[in-house]
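Please look over the sequence and the model first, then read the notes grouped by topic.

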Amino acid sequence: MDQGPTPFAAPTDRRLALEDSFGRRFEYLRLSLTDRCNFRCSYCLPQGYRKDASLPPELSRHELRRAVAGFARLGLWKLRLTGGEPTVRSDFEAIARDLSGVEGIRRIAMTTNGYRLTERAETWREAGVHAVNVSIDTLDRENFARVTGHDRLPQIVEGVDAALDAGFDAVKVNSVLMRSLEPEGWDKLLGFIAARPVSWRFIELMRTNDNAGFHRLQATAGDAIAEKLRQGGWTPLDRATGSGPAVEYAHPGFAGRIGLIAPYSPGFCDSCNRLRLSSRGKLHLCLFGEHGVDLRDLLQEDRQQDDLVARILAALPAKPRAHRLHEGSSGSTPHLASIGG
Ligand code: SAM
Ligand code: SF4
């Protein structure tokens, strides 16, 4: 059977010192480069980005490099550059290049709304980015414009093709499940992945502090999709190490895969392998935690690395066993753009 995009194997020679009280090991850092964004996704920033003058500035290139070097000393080897929209930063390429040169970092992925993908895919690949996730919630042009505030679906799809041509070793699509989009699009989706070796991953809509009303109206579980896939002859694949929380399905008639990320399903947090650093320098142990641990004061000089490592290690025991979304608590997270979804 055609297995579609090749899963990336974890290095076997790394010393992984980042382990929490529940035996979970952390090899993966999601790094938010900015909380700014040019889109207005209905579930994230429906009014668009609004500057909060009370916040400290975004981490600089040098602060980012020192932060990543500290985590890499503890065996962490995989990064995701996210935001906000990470590519609104004019130094995005320079950051990717810096981070790909940090000792121990083996893999850099990025998540983007794709608005610059067509023109920049090759440059980002050359700058050291290995994999790209593009957000496309619907393949219906009008609905895309309604959800994101931008009539740019054709441009984003062109960007996905540019990413495939540029030789990224994985191209994935993130697609948030919403009740109002349910009746549409299954055939369009199958057409999209028939010849494209992309992994299309549905993500259950998560409640945040700002989107409670929207979530109440729009949230829908992924079970129906899993059932549809099974009935259509799609086979669930074994999860590769470091591959994250998606359950992926393959079908011999399709180059692409379909995956499901179901944060509300039981045991979702048991295999959590990720930590997050916000664009303002706070280490977040959970996407839906109460507050972060500030690292910025230890990112000012290279000689502070031992103290940085000690602070990261001291923070880990506070990582909760699981998020409390089921109880209606999204911690202190107003929207995912704020700490890097
Ligand atoms: N701006 C980039 C983008 O949209 O791809 C990166 C940041 S965005 C916060 C990262 C991912 O989180 C996107 O795929 C987005 O669709 C998803 N996301 C944002 N808010 C969400 C929510 N409330 N529930 C589920 N996924 C969400
Ligand atoms: Fe921007 Fe991404 Fe949030 Fe959409 S999901 S508003 S593109 S940060």
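H130 touches R106, R107, I108, R125, F168, D169 and A170, leaving out residues up to four places away in sequence; contact means heavy atoms within 4.5 Å. The model is predicted, so local features need pLDDT of at least 70 and side-chain atom pairs count only at pLDDT 80 or more, while totals for chains, interfaces and linings use all residues. Residues are numbered from 1 along each chain as its sequence is written, chains are lettered from A and ligands numbered from 1 in the order in which they are written, and side-chain values use heavy atoms, with hydrogens and water left out.

**The chain as a whole**

- The chain holds nine helices and twelve strands; helices (H or I, at least four residues) and strands (E, at least two) are DSSP runs, numbered from the N terminus.
- Of its 341 residues, 57% count as buried, where buried means under 20% relative accessible area, exposed over 50% and partly exposed in between, with a 1.4 Å probe and protein chains only.
- The accessible surface of the chain is about 14,700 Å², and carbon and sulfur atoms account for 49% of this surface; such areas come from the Shrake-Rupley method with a 1.4 Å probe, and for residues only the protein chains shown count as cover.
- Among contacts between residues at least 6 apart in sequence, 75% join residues at least 24 apart.

**Ligand 1**

- Ligand 1 has 17 residues around it, and the closest are Y43, G84, S135, N174 and M206; a residue is near a molecule or strand if one of its heavy atoms lies within 4 Å of it.
- The residues of this shell divide into five nonpolar, ten polar and two charged. Here Ala, Val, Leu, Ile, Met, Phe, Trp, Tyr, Cys and Pro count as nonpolar, Asp, Glu, Lys and Arg as charged, and the others, Gly among them, as polar.
- At least two residues of the shell come from each of β2 (78-83), β3 (107-112) and β5 (170-177).
- A polar side-chain atom of S135 is 2.6 Å from an oxygen atom of ligand 1.
- Nitrogen atoms of ligand 1 lie 3.0 Å from a polar backbone atom of G84 and 2.8 Å from a backbone N or O atom of M206.
- Taken alone, ligand 1 exposes 540 Å², and the protein buries 95% of that area.

**Ligand 2**

- The residues surrounding ligand 2 are C37, F39, C41, C44, L45, G84, N113 and A337.
- Six residues of this shell are nonpolar, two are polar and none is charged.

**Helix α9**

- In helix α9 (residues 305-315), the buried residues are Q305, L308, V309, I312 and A315.
- These residues lie on the same side of α9 because they cover an arc of only 130° around the axis; the arc is that of the directions from the helix axis to the C-beta atoms.
- Among the elements that cover the buried residues of α9 are α1 (61-73), β11 (282-284) and β12 (293-294).

**D137**

- D137 sits in the loop between β4 (131-135) and α4 (141-148), and its relative accessibility of 9% makes D137 a buried residue.
- Beyond its neighbours within four places in sequence, D137 is in contact with Y43, V147, N174, S175, V176, M178 and L181.
- The side chains of D137 and Y43 are joined by a polar contact of 2.6 Å. A polar contact is a pair of N or O atoms within 3.5 Å; within protein, one must be able to donate a hydrogen and the other to accept it, and residues adjacent in sequence count only if both atoms are side-chain atoms.
- The side chain of D137 also reaches the backbone nitrogen of V176 at 2.9 Å.
- D137 and T148 are eleven residues apart in sequence, with 8.9 Å between their C-alpha atoms.

**Other buried loop residues**

- H130 is placed in the loop between α3 (117-126) and β4 and is buried, at 19% relative accessible area.
- S279 lies in the loop between β10 (274-277) and β11, and its relative accessible area is 0%.
- Not counting residues up to four places away in sequence, S279 touches S32, L33, T34, D35, P57, E58, L59 and R296.
- A262 is found in the loop between β9 (257-261) and β10 and is buried, with a relative accessible area of 15%.
- Apart from neighbours within four places in sequence, A262 is in contact with E204 and F268.
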